[in-house]
Each structure stands twice: as C-alpha cells, then as structure tokens.
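User: I've got a fold open here and want to talk through how its pieces pack. Can you walk me through it?

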Amino acid sequence: MTAHRMSEERYSASDPLLTVAQAGEYLGTGERFIRRLITERRIAFVKVGKYVRLERSALDALVDKGRIPSQR
C-alpha cells in the first residue's frame, strides 16, 4: 500500500482536519485555549507545512477524557 493511499484512508470526510479557530468554535472555547493545549502537548495535532491542524476525533477524545460521570 502506498503512503498516499494510506493517508487517504486515514483522513476522511468523517474526521476532517480543523484549524485552531475551527477547533475553538467546535469546543466552544477560544483559540488561545486550543493553542495552549497544543503548546503543552495535551492534544494531538498535525503539522501541514507551517500550518497546525487538529483532527475532530482528537477533540472528541479530549472531551471524553474530561467527562465526569453523574452520581445518579
């Protein structure tokens, strides 16, 4: 399997790459919070040349990791 084919399978329309601004909007936070997560390496990110992108699945995983179940 070629590297190009593997990348096509890995990144699909169901898991798009988001900009920092889009990621902040998706989580309902500001860009500054997202940039801090990236700087502290608390979230996985992708470098596309000089641009930073985040997979929606990485954002969903961050939310799931912080989820606290109810007591009732």
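User: Let's start with Ala23. Leaving out residues up to four places away in sequence, which residues does Ala23 touch?

Analyst: Bear in mind that this is a predicted model. Ala23 sits in H2, among the residues there that meet H3. Skipping anything up to four places away in sequence, the residues Ala23 touches are Leu18, Ile34, Leu54 and Leu59.

User: What is the largest nonpolar core, and which elements give two or more residues to it?

Analyst: That core has 11 residues: Leu18, Val20, Ala23, Ile34, Leu37, Ile38, Ile43, Leu54, Ala58, Leu59 and Leu62. In soluble globular proteins, nonpolar side chains do tend to be buried together. The elements giving two or more residues to the core are H2, H3 and H4.

User: How are H2 and H3 oriented where they come within 8 Å?

Analyst: The contact brings Val20, Ala21, Ala23, Gly24 and Leu27 of H2 up against Glu31, Ile34, Arg35 and Ile38 of H3. The axes of H2 (residues 20-27) and H3 (residues 31-39) cross at roughly 110°. An angle of 65 to 115 degrees counts as roughly perpendicular, so H2 is, relative to H3, roughly perpendicular.

User: And H4, residues 56-66: where do its buried residues fall, and what do they pack against?

Analyst: Ala58, Leu59 and Leu62 are buried in H4. Looking down the H4 axis, they fall within an arc of 100°, so they line one face of the helix. What those buried residues pack against is strand S1 (17-18), H2, H3 and strand S3 (51-55).

Notes: Residues numbered from 1 in each chain as written. Predicted model: local features only at pLDDT ≥ 70, side-chain atom pairs only at ≥ 80, totals over all residues. Heavy atoms only, no water. Axes fitted to C-alpha atoms, helices over the stretch in contact; angles between N-to-C directions. Helix = DSSP H or I, 4+ residues; strand = E, 2+ residues; numbered from the N terminus. Parallel < 35°, antiparallel > 145°, perpendicular 65-115°, else oblique. Contact = heavy atoms within 4.5 Å. Buried < 20%, exposed > 50% of the residue type's maximum accessible area, 1.4 Å probe, protein only. Arc of directions from axis to C-beta. Core = buried A, V, L, I, M, F, W, Y, C linked by side-chain atoms within 4.5 Å.
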